[in-house]
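Me: I have a new model open and want to learn how to read it. Can we start with how helices pack?

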Amino acid sequence: MRQLLVFGERDDAEEVAETLGEWFPALGAPRVVRETLAGEDDAEDAQWLVVVEGLDEGAYPQVDELVERYGGWREAG
């Protein structure tokens, strides 16, 4: 299942993606993408997503702890 890790800052998203790539090398390098909300006038408010495919549910607590350290959250995508 695809998981979306949501952050306000690009640097945070990139740091988490790098860490996840080290922790779970079988997943490959997670993608970092920018999500602009529909009708959003101010690009500054766009969120940064780390897209993770194939993460085992047993890893969710470890991933959630990492994501929370960077002020983000995880959503099923």
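Predicted model: local features only at pLDDT ≥ 70, side-chain atom pairs only at ≥ 80, totals over all residues.

Reply: Two packed helices are described by the angle between their axes and the distance between the axes. Here, take helix H1 (residues 10-23) and helix H2 (residues 60-69). Their axes come within 11 Å. They cross at roughly 155°.

Me: Which way do H1 and H2 run relative to each other, roughly parallel or roughly antiparallel?

Reply: Angles over 145 degrees count as roughly antiparallel. H1 and H2 are therefore roughly antiparallel to each other.

Me: Is the crossing of H1 and H2 left-handed or right-handed?

Reply: Right-handed.

Me: Which residues make the contact?

Reply: H1 brings Val16, Thr19, Leu20 and Trp23. H2 brings Gln62, Val63, Leu66, Val67 and Arg69. By type, the residues of this contact are six nonpolar, two polar and one charged.

Me: Now the sheet. What is the order of its strands?

Reply: Read across the sheet, strand by strand. The order is E2-E3-E1-E4. The sheet is open, has four strands and pairs in the antiparallel sense.

Me: Which strands stand at the edges?

Reply: E2 (31-35) and E4 (73-76). Each has a single partner strand, so one side of each lacks a neighbour in the sheet. From one strand to the next, the twist averages 30°.

Me: How many bridges join E1 and E3?

Reply: Six. Strand E1 covers residues 2-7, strand E3 residues 47-53, and their pairing is antiparallel. For one case, look at phenylalanine 7: its bridge partner in E3 is tryptophan 48.

Key: Residues numbered from 1 in each chain as written. Heavy atoms only, no water. Pairing = 2+ DSSP bridges. Helix = DSSP H or I, 4+ residues; strand = E, 2+ residues; numbered from the N terminus. Axes fitted to C-alpha atoms, helices over the stretch in contact; angles between N-to-C directions. Parallel < 35°, antiparallel > 145°, perpendicular 65-115°, else oblique. Left-handed = near helix turned anticlockwise from the far one by under 90°. Contact = heavy atoms within 4.5 Å. Nonpolar A, V, L, I, M, F, W, Y, C, P; charged D, E, K, R; others polar.
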